Structure formats: C-alpha cells, structure tokens
Amino acid sequence: MQQLRDAGLDVFVVEEATTFDEVFETMTIIGQATGTMEEADAQISEMEAQLDEIEEMSAEVKEPKKVFVEVGSTPEIYTTGTGTFIDEMLSTINAENIAGDQEGWVSMDPEAIVSSNPDVIVTTEGAYVPNAVELIMGRNGFAEITAVQDEAVYNLDSDKLTRQGPRVTEGLLELARAVYPEVYGE
C-alpha cells in the first residue's frame, strides 16, 4: 500500500463485511469515495429488495436443514462458523450451519462433519478443483451422510458467496435454491 501512496495514489482499504448491513455500508463508502453515490444507492436498493424477498420466502421453511459449506479442502477441510458472511447467509435462509458452534474461518475434522450429518453440503471450490463434488461424495466415511445419500452436494460460485459485493444477493439466492429447492425453485 505504501508504494501506491508514494506513487501519489489514494488508497482505500475495504474491511471484510460479516453482515448484509456492513456490505451496504461499504458500498456506500465506496460510492462516496468514487463520486458514484447515485449508482451505489441504486445498487443497494436493488440488493435490499432481493434480500427482503429471500427473507420473506425463508418463512416458508418449516424444518431448517443442516448445511456444511466447504470453502477449502487441502491440506485440511475449511468452513465458516459464526461471525462470517456465509453464516449470516445461512441464517437468512433459515438453515443451520453445522459449524455454527465455532467462530470465524475454521478447520473441521472429517469425522465431525460425518457426525453432524448435514442434509446439504455446498462447496465453493469447483472453479479450481476438478470434480469437487465427486471428491466430497467419495470421501472415506461420507457415504453415510444424508447429503451424500440424497446427492445434495452442490458446487456454488465462490465469488458470489465469499466476496461481499454487488453479487452477494445472487449468491444468497443460489445458496437458498441449493438448500431449499422446494421453497426457492431450482
């Protein structure tokens, strides 16, 4: 950053957002910093409307499903616990994060995943790990997991789920459709 400042450029560091409100606040700050408030306000309004619609639909969920979101598989399996944006997304759609008893980005033992028996498994590695879904389904011991038995293992767009920006509501809808296709449509 100092090299950029030394070159005479203004530098603005965007903090990681862990809630939708923080995403909207960051977008407002970026809009102010770049002189594009009208565009930022329009984008935020559209995203808020999408979020409201998804939240309304989540009221139709009668029995929350248990979900495991895998954001990394080597050298260890990584997921997100409380205090992360993905956990906020799961709460928004009325799903239970099986790593919700842990905080932040955490490594999770495969045996703990099996014993948690998620109804749905989501991976964000498909763009750079060939056959990510098949690798998860073929893991030792995973055959007894409900998500594997029901073939409810999905690869979703990592950028939409893990980058807190204008496409996060698209990612939320993709997640909602993977977890609750009967509510959100496929």
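Helices (H or I, at least four residues) and strands (E, at least two) are DSSP runs, numbered from the N terminus. This model is predicted: local features need pLDDT of at least 70, side-chain atom pairs count only at pLDDT 80 or more, and totals for chains, interfaces and linings use all residues. Residues are numbered from 1 along each chain as its sequence is written, and side-chain values use heavy atoms, with hydrogens and water left out.

**View 1. Glu 182 pairs with Lys 65 in a salt bridge.** A salt bridge is a side-chain nitrogen of Lys or Arg within 4 Å of a carboxyl oxygen of Asp or Glu. By this rule the count comes to 6 salt bridges. In the pair shown here, Glu 182 and Lys 65, the closest N and O atoms are 3.9 Å apart. The two residues are 117 residues apart and link distant parts of the chain. Glu 182 sits in helix H10 (residues 181-184). Lys 65 sits in the loop between helix H3 (37-58) and strand S1 (66-70). Buried means under 20% relative accessible area, exposed over 50%, and partly exposed in between (1.4 Å probe, protein chains only). Glu 182 counts as exposed, at 55% relative accessibility. Lys 65 counts as partly exposed, at 23%.

**View 2. Lys 160 forms a salt bridge with Glu 170 and another with Glu 174.** The N to O distance is 3.4 Å for Glu 170 and Lys 160. Glu 170 lies in helix H9 (residues 168-179) and Lys 160 in helix H8 (residues 158-162), so this pair ties together parts 10 residues apart in sequence. For Lys 160 and Glu 174, the N to O distance is 3.0 Å. Glu 174 is in helix H9, 14 residues from Lys 160 in helix H8. Lys 160 is buried, with a relative accessible area of 15%. Glu 170 is partly exposed at 36%, and Glu 174 is partly exposed at 25%.

**View 3. A network of salt bridges links Asp 159, Arg 163 and Arg 167.** Side chains of opposite charge can pair when their charged atoms come close.

**View 4. Negative charges gather in a patch on the surface.** Patches are made of residues with over 30% relative accessible area and no salt bridge; like charges are joined within 9 Å, and nonpolar side chains (Val, Leu, Ile, Met, Phe, Trp, Tyr) within 5 Å. The members are Asp 21, Glu 22, Glu 25, Glu 48, Asp 52, Glu 53, Glu 55 and Glu 56. Helix H2 (20-34) and H3 each supply at least two residues of the patch. The largest share, 5 residues, comes from H3. Glu 55 has its place in helix H3. At 36% relative accessibility, Glu 55 counts as partly exposed.

Conventions: Accessible areas come from the Shrake-Rupley method with a 1.4 Å probe; for residues, only the protein chains shown count as cover. Lys and Arg count as positive and Asp and Glu as negative; His and the chain ends are not counted. The place of a charge is taken as NZ of Lys, CZ of Arg, CG of Asp or CD of Glu.
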